[in-house]
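Here is a short note for your review. Please read it alongside the model.

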Amino acid sequence: MFNNKNLKNKWNVFKENSPTSHICFLIIVVNVIFIALSAVLISILPENEGHSIPELVRLAFTLMVNPSGRYIYSDTSISRIVTTIVVLLGMVSLTGGTVGFVTSVINGVLEKAANSQRALNLENHIVILNYNNKVPSTIVDYGFDDVKNTFIVILANGNKQRIQDEIDGMYDREGNKKRFKNIIVRDGDPMNKLDLDKINLGKARTVLLMTPGFGEGSTMHKTANGDDMNFEVSKLFMFVTWYFSELETASSTNIVVETSSKNMEKMIGDYHRESSTQMSVSVNYNEITGKMIAVTSIMPSVNPVMKQLFSFKGVEVYIEEPPKGKSIEDELLENRSVIPMFDLPDGRVYVAENEEELDKRKSRFELSKPLPAKKIVPKINFEKSNIIIVGVNKKLPYILESLVCFKREYENDQLTVLLAGSPDEEEQLKAYYADSKYETILLPDKYNYVIVNDLYDPMKELGGLTSDRADSVIFLSNDMVTSAHIDEKPLMYWSNLKKSFRKNENVDVIVEILDSQNQSIIELKNKDQIIVSDEFLGHVYAQLGKNPKRIDVIKDMITSDGDSSSVNVDQEEENDSDLVCVGVKHFFDGADVDLTFKSKRELIIWVYEATDHRALPIGVVKDSVEYIFSRTDGNDDDLDSTILLGVEEGQYYPGNSDKIVLEEDDELVVLMLN
């Protein structure tokens with residue numbers, strides 16, 4: 001149900017987005033009130049005694065419209081006074097002069113709405129300042145959240161209608177019939193105090209500061225110059241923090257800043273530690289996407305799982321205060337629909353379909369399946385060990401660092417990387433091979449880098465390598481060109497090499513697409529993996545809009561020990577967990593155990609206990625289909641059930657519905673706990 005704030009917010013959204021309907025609604029309400037008042041007044045007259053309510057309403061309306069008509073007057077003082085008042089009410093609400101006045105009011109309201117001049121009386125809303133091609137994905141993701149209690153305002157220098165059209169276009173591409181409607185788009189200057197006052201920024205829940213991007217709605221940048229964008233967003237951050245400091249009362253609005261600048265990250269961290277009322281976090285979009293690409297290159301099955309966990313669609317990650325005195329083991333044994341994962345300084349991390357599940361459906365679980373006599377030591381073996389990366393951009397250092405850390409933490413001596421690029425990228429390729437940080441995975445004596453001289457015929461240099469030396473091939477976009485050419489190289493490479501890949505089903509293809517409109521160009525076949533950067537980042541920004549602390553969870557789950565990105569909001573290095581997807585035959589290698597389980601909860605608790613609390617299963621991959629344990633999708637599918645629903649809708653776990661049987665070719669989606 002709506003509370004008072006939500007009713008007020010909903011009314012403000014209605015006024016802003018439908019000004020004509022809003023005025024018409026008010027006119028109807030006023031007329032209804034006048035008619036009701038007139039009916040009450042004439043009901044006290046002697047001649048109307050005994051009339052029913054519908055009759056009184058009809059008589060009142062007749063008198064208001066046509067005073068000299070069929071209404072029968074009595075010759076008393078009270079009758080003359082009452083009927084005169086009713087006639088006057090009719091003249092105010094229904095005469096041509098009033099209609100003309102109302103028409104002028106409507107025109108004024110429409111003009112104000114078009115020029116974004118009206119103040120919004122919103123509270124606890126989410127504000128997005130600036131617009132880029134990640135914003136539509138963010139808005140679409142909110143459509144899977146608690147839409148009744150979520151309200152979004154976009155303020156950007158751009159064409160308002162074009163922004164709305166791009167958001168609608170994203171809905172169409174995603175095939176979502178259900179639209180998120182609690183959204184207001186404002187054409188204005190994010191660095192104008194009056195414009196910020198009009199959207200009531202001081203009472204917002206969270207403000208997302210986006211880099212001015214390459215979407216058609218943006219008029220500021222038509223290139224992807226990272227330094228320019230970081231300068232723009234740093235100015236905006238300083239202006240917004242000044243704005244909050246000038247408020248008469250302290251604001252608790254959280255600030256989330258999109259950037260790729262280390263200096264900017266430090267500035268935001270310093271402000272976060274100095275502020276007693278606000279939480280400020282930075283999101284290095286190159287870092288987050290680079291880490292995700294790295295994880296996907298060695299564990300392709302974990303890609304849709306990450307998108308599921310860090311999105312409002314399906315299951316979701318929550319950070320809540322744990323019940324007093326309850327350990328993770330206690331909650332695993334007691335909660336039938338939620339998986340507690342690990343603890344952070346600010347609370348316990350849970351996976352659940354929605355917040356309501358956190359406090360209900362509890363029952364004590366007794367493990368009937370005997371534990372092995374000897375604790376199982378999970379063997380984390382990644383079959384995707386030979387990786388080719390084609391192209392150079394600002395995500396590449398994060399990809400390489402992540403792969404170095406994975407190789408060191410899981411002692412995968414077979415993990416090697418080969419870099420390839422165009423002639424204009426040769427100097428950068430040389431620099432990476434000369435950098436000692438990457439010497440454990442870049443083996444110059446064995447492979448060296450590869451120069452692709454012809455975009456239209458890359459098979460000359462890459463054809464043999466993809467067949468003989470690659471388990472995964474990554475195609476990176478060029479993030480330093482105009483928006484029209486931003487995905488040119490990966491699209492050209494992929495288009496010319498796809499036949500070669502499909503001859504070898506063991507090769508996984510990861511294509512980075514910065515402009516989601518180019519996604520439809522690529523045919524989704526077999527094991528072709530696609531990374532749509534703005535789509536994934538849109539999911540992340542939507543999560544942080546609700547709770548900025550979730551950035552710690554995201555970084556924790558996609559980074560390994562020693563990774564420079566595995567730091568929390570307070571810039572303290574932490575790595576409590578790694579999200580991995582590993583083959584069953586490797587995970588239980590050498591352990592003589594029965595892999596038949598009567599329910600999801602039994603599998604989760606049994607593996608957790610059998611590995612001495614080092615591994616927490618959260619899903620299964622069977623026949624290349626990913627299943628997440630705590631997803632209910634509206635069905636009565638708690639953790640005691642053996643019904644498994646896939647990440648994609650309409651997918652059900654095959655086989656015997658009375659039990660879960662793990663086979664050698666299956667994979668476990670596991671959270672490795674440190």
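The points below cover the basis of the model, a strand pair, a pocket and a helix.

1. Basis. This is a predicted model, in which local features need pLDDT of at least 70, side-chain atom pairs count only at pLDDT 80 or more, and totals for chains, interfaces and linings use all residues. Residues are numbered from 1 along each chain as its sequence is written, and side-chain values use heavy atoms, leaving out hydrogens and water.

2. Strand S7. Helices (H or I, at least four residues) and strands (E, at least two) are DSSP runs, numbered from the N terminus. S7 spans residues 316-320, and four of its five residues are buried (under 20% relative accessible area, 1.4 Å probe, protein chains only). S7 runs antiparallel to S9, residues 347-352, with five bridges between them; DSSP must find at least two for strands to pair. Ile 319 has Val 349 of S9 as its bridge partner.

3. Second largest pocket. A pocket is an open set of points on a 1 Å grid over the protein atoms alone, where a 1.4 Å probe fits, with protein on both sides within 12 Å along at least five of seven lines; lining residues have an atom within 4 Å of a point. This pocket has 27 lining residues; Phe 144, Asp 145, Asp 146, Glu 353 and Asn 354 lie nearest its centre. S7 gives the largest share of the lining, four residues.

4. Helix H3. Which residues of H3 are buried? They are Leu 56, Leu 59, Ala 60, Leu 63 and Met 64. These residues lie on the same side of H3, because they cover an arc of only 135° around the axis, taken from the directions from the helix axis to the C-beta atoms.

Conventions: Buried means under 20% relative accessible area, exposed over 50%, partly exposed in between (1.4 Å probe, protein chains only).
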